[in-house]
Amino acid sequence: KAACIIEACQSKRRDDREHIGYYWRFKGSKDRILCVGEGVRDGIAIEQVDLQTGDIITIFSSGRKAHEATGVSRVVIKRVLERRGKANGGGFFWRYQGETHGPWPDPEPTNLHPVEQLDWES
């Protein structure tokens, strides 16, 4: 049971944070978690945040509404909400309403294929 709760806390996916009828997160975490029974059907309110100032520009009732109003791809918005990759989505930072964290530093680039310099004269 405890291992399942730890796994739920470590998950970045909102759906995987539910276990035995509750949503879980580590104590002190600022992530906003859906309350039990709170539906996703109508969408989850998200905030469009200015990357420079950290000020909330506007609040949308769902990712779809944010996409329709801003033209930023729903996939890009979702990627930022799930904290995958860069915190910049269409020039803005996105977070679920009620969360308090700000943008994170861009991840270091990974190179799965090392490169080498060749000297054609030798």
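Arg83 sits in the loop that runs between helix H3 (74-81) and strand S5 (92-96). The model is predicted. In it, the phi of Arg83 is near 60°, a positive value in a residue that is not glycine. Most residues other than glycine have a negative phi. Arg83 is partly exposed, because its relative accessibility is 32%, and that falls between the 20% limit for buried and the 50% limit for exposed.

Four of the five residues of S5 are buried, so the strand is largely enclosed by the rest of the structure. What surrounds S5? Start with the sheet. Three strands form an open sheet in the order S4-S3-S5, and the pairing is antiparallel. S4 and S5 are the edge strands, each pairing on one side only. On average, neighbouring strands of this sheet are turned by 25° against each other, direction ignored.

Helix H3 lies across S3 and S5. H3 runs at about 65° to S5.

Strand S3 (residues 46-50) stands between S4 and S5 in the sheet order. S3 is mostly covered, with four of its five residues buried. On one side, S3 pairs with S5 in the antiparallel sense over five bridges. S3 also pairs with S4, again in the antiparallel sense, over four bridges. The hairpin of S3 and S4 has five residues between the strands. In that hairpin, Gly54 takes a positive phi near 80°.

The bridges can be read residue by residue. Ile46 has Tyr96 as its bridge partner in S5. Glu47 has Arg95 as its partner in S5. For Gln48, the partner in S5 is Trp94. Gln48 also has a partner in S4, namely Thr58. Gln48 therefore has bridge partners in both S4 and S5.

Is Glu47 buried or exposed? Glu47 counts as buried because its relative accessibility is 6%, under the 20% cut-off. Which side chain makes a polar contact with that of Glu47? The side chain of Arg95 does, at 2.6 Å. Arg95 is also the bridge partner of Glu47 in S5. Leaving aside neighbours within four places in sequence, the contacts of Glu47 include Ile56, Thr58 and Ile59. Among the others are Phe93, Trp94, Arg95 and Tyr96. Gln97, Gly98 and Glu99 are in contact with Glu47 too.

Next, the aromatic rings. How many aromatic pairs does a search of the whole structure find? The search finds three. One of them joins Phe60 and Trp94, with ring centres 6.3 Å apart and planes at 40°, so this pair is tilted. The angle falls between the 30-degree limit for stacked and the 60-degree limit for edge-to-face. Phe60 lies in strand S4 (residues 56-60) and Trp94 lies in S5, so the pair ties together parts that are 34 residues apart in sequence.

A second pair joins Phe92 and Trp94. Here the ring centres are 6.0 Å apart and the planes stand at 75°, so the pair is edge-to-face. Ring pairs link Phe60, Phe92 and Trp94 into a cluster.

Phe92 counts as partly exposed because its relative accessibility is 25%.

Trp94 is the bridge partner of Gln48 in S5. The ring of Trp94 pairs with that of Phe60 and with that of Phe92. Trp94 is also one of the residues in contact with Glu47.

Conventions. Residues numbered from 1 in each chain as written. Predicted model: local features only at pLDDT ≥ 70, side-chain atom pairs only at ≥ 80, totals over all residues. Heavy atoms only, no water. Helix = DSSP H or I, 4+ residues; strand = E, 2+ residues; numbered from the N terminus. Buried < 20%, exposed > 50% of the residue type's maximum accessible area, 1.4 Å probe, protein only. Phe/Tyr/Trp six-rings, centres within 6.5 Å; stacked < 30°, edge-to-face > 60°. Pairing = 2+ DSSP bridges. Axes fitted to C-alpha atoms, helices over the stretch in contact; angles between N-to-C directions. Contact = heavy atoms within 4.5 Å. Polar contact = N/O pair within 3.5 Å; in protein donor to acceptor, adjacent residues only side chain to side chain.
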